[in-house]
Amino acid sequence: MPLRKDLHEDNRLSWNQATKAHNSHKGDQAKFLREGGSTLFPEEIELLGDLANCSLLHLQCNSGQDTLSLAQLGAVVTGVDISDEAISVAQTLSIASGIPATFYRPDVFDWLQEAADRGDRFDRVFSSYGAVCWLSNLTLWANGIAAVLNPSGRFVLVDFHPVALAFDENLQYAFSYFSDEPLTVEDGISDYVAASKTELVPWGYEPGIENFRNSHRSHEFAWGLGQVVTALLQAGLTLHALYEYPYSNGCKLFEQMREGPGRRLFPPQGVPNLPLMYGIV
């Protein structure tokens, strides 16, 4: 699939609106972080390994909550996201929480190329939770990661499983697992924080913006797990681990999901288990 900058621009506008709604539910995030709170889950911490004094690049970092949580583990962090609103929130959070971080707002493809040209290198490159579906070209993405990763470095991806993303909120098979065409959603990115509530905001969910409806459409790209792994291998990376998980962390992908320990959400009662997340090192 070609690089679709035109669709990325639609997504930027859609994310700008959605991000305002998402953060309206999250209260005093700076206080939560200042007091040692973390938005990370055990899976990404385990896969990333010891971060003390590591330079870490967080791609598609959203509003920076995870980025700043990674900094609290000892990493020197750089976050990149396409959303103006998300990066503005991230920069404000960094200052208000007293946690140092550097944030940039370009298209991730542009930033990776510019960073490689500058000779920037990182000990860890990280991306998570709803990241891959916004990439219009996996080959350029994987090559960009390989170009900025130190030879002894580590790339970690934790994301929702493409099998799970083929179902709608009612667990009905609704979307093609394999598709050469992007999926356009006319009402754009939803307020998934309002759907998940305290699972995503454990320090205290607030009603915030209610009945949110996005006026900017969005476009998602259906990449199978094999396509993701192959792109990374063809970029010269070595596969160290590939995990699949029968739960989703914090995010209510379907109606009537069952809550488990640690804010893990499982399919509804009576539904056979299926992979809801995967992790790659």
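**Sheets, helices and loops in a predicted model**

Leu56 stands opposite Val77 in strand 2. The model is predicted: local features require a pLDDT of at least 70, side-chain atom pairs count only at pLDDT 80 or more, and totals for chains, interfaces and linings use all residues. Residues are numbered from 1 along each chain as its sequence is written, and side-chain values use heavy atoms, with hydrogens and water left out. Helices (H or I, at least four residues) and strands (E, at least two) are DSSP runs, numbered from the N terminus.

Strand 1 and strand 2 run parallel and are joined by five bridges. Two strands are taken to pair if DSSP finds at least two bridges between them. Both strands belong to an open sheet of seven strands, ordered 3-2-1-4-5-12-8, with mixed pairing. Strand 3 and strand 8 (242-245) stand at the edges; each has a single partner strand, so one side of each lacks a neighbour in the sheet. On average, neighbouring strands of this sheet are turned by 15° against each other, direction ignored. Axes are lines fitted to C-alpha atoms, for helices over the stretch in contact, and angles run from 0 to 180 degrees between N-to-C directions. Strand 4 pairs with strand 5 (residues 149-160) in the parallel sense, over six bridges. In this pairing, Val125 stands opposite Phe155.

Strand 1 is mostly covered, with five of its five residues buried. Buried means under 20% relative accessible area, exposed over 50%, and partly exposed in between (1.4 Å probe, protein chains only). Ser55, Leu57 and Leu59 are buried on one side of strand 1, and Leu56 and His58 on the other. Strand 2 (residues 76-80) holds Thr78. Thr78 is buried, with a relative accessible area of 12%. Leaving aside residues up to four places away in sequence, Thr78 touches Leu56, Leu57, His58, Thr102, Tyr104, Trp111 and Phe122. Contact here means heavy atoms within 4.5 Å.

Helix 6 lies across strand 1, strand 2, strand 3 and strand 4, and runs at about 150° to strand 1. Within helix 6 (residues 108-118), Val108, Phe109, Trp111, Leu112 and Ala115 are buried. These residues cover an arc of only 165° around the axis, which puts them on the same side of helix 6. The arc is that of the directions from the helix axis to the C-beta atoms. The buried residues of helix 6 pack against helix 1, strand 1 (55-59), strand 2, strand 3 (102-104), strand 4 (122-128) and helix 7 (138-148).

Helix 7 has its own buried set: Leu138, Trp141, Ala142, Gly144, Ile145 and Val148. Viewed down the axis of helix 7, they fall within an arc of 160°, so they line one face of the helix. Their cover includes strand 1, helix 6, strand 4, strand 5 and helix 9 (225-234).

Two packed helices are described by the angle between their axes and the distance between the axes. Helix 1 (residues 5-24) and helix 5 (residues 84-97) pack at about 45°, with axes 7 Å apart. Helix 1 is therefore oblique to helix 5. Angles under 35 degrees count as roughly parallel, over 145 as roughly antiparallel, 65 to 115 as roughly perpendicular and the rest as oblique. Helix 1 contributes Arg12, Asn16, Thr19, Lys20 and Asn23 to the contact; helix 5 contributes Asp84, Glu85, Ala86 and Val89. By class, the contact has two nonpolar, three polar and four charged residues. Ala, Val, Leu, Ile, Met, Phe, Trp, Tyr, Cys and Pro count as nonpolar, Asp, Glu, Lys and Arg as charged, and the others, Gly among them, as polar.

A second open sheet has three strands in the order 9-11-10, with antiparallel pairing. Strand 9 (248-249) and strand 10 (258-260) are its edge strands, each pairing on one side only. Three bridges join strand 10 to strand 11 (residues 264-266). Arg258 stands opposite Phe266 in strand 11.

Several loop residues complete the description. Most residues other than glycine have a negative phi. Asn53 has a positive phi, near 65°. Asn53 sits in the loop between helix 3 (42-48) and strand 1. Asn53 is exposed, at 71% relative accessibility. Phi of Asn62 is also positive, near 55°. Asn62 belongs to the loop between strand 1 and helix 4 (65-71). Ser190 lies in the loop between strand 6 (183-185) and helix 8 (192-196). Ser190 is partly exposed, at 43% relative accessible area. Not counting residues up to four places away in sequence, Ser190 touches Ala18, His22 and Phe212. Ser190 and Arg213 are 23 residues apart in sequence and 7.1 Å apart in space, C-alpha to C-alpha.
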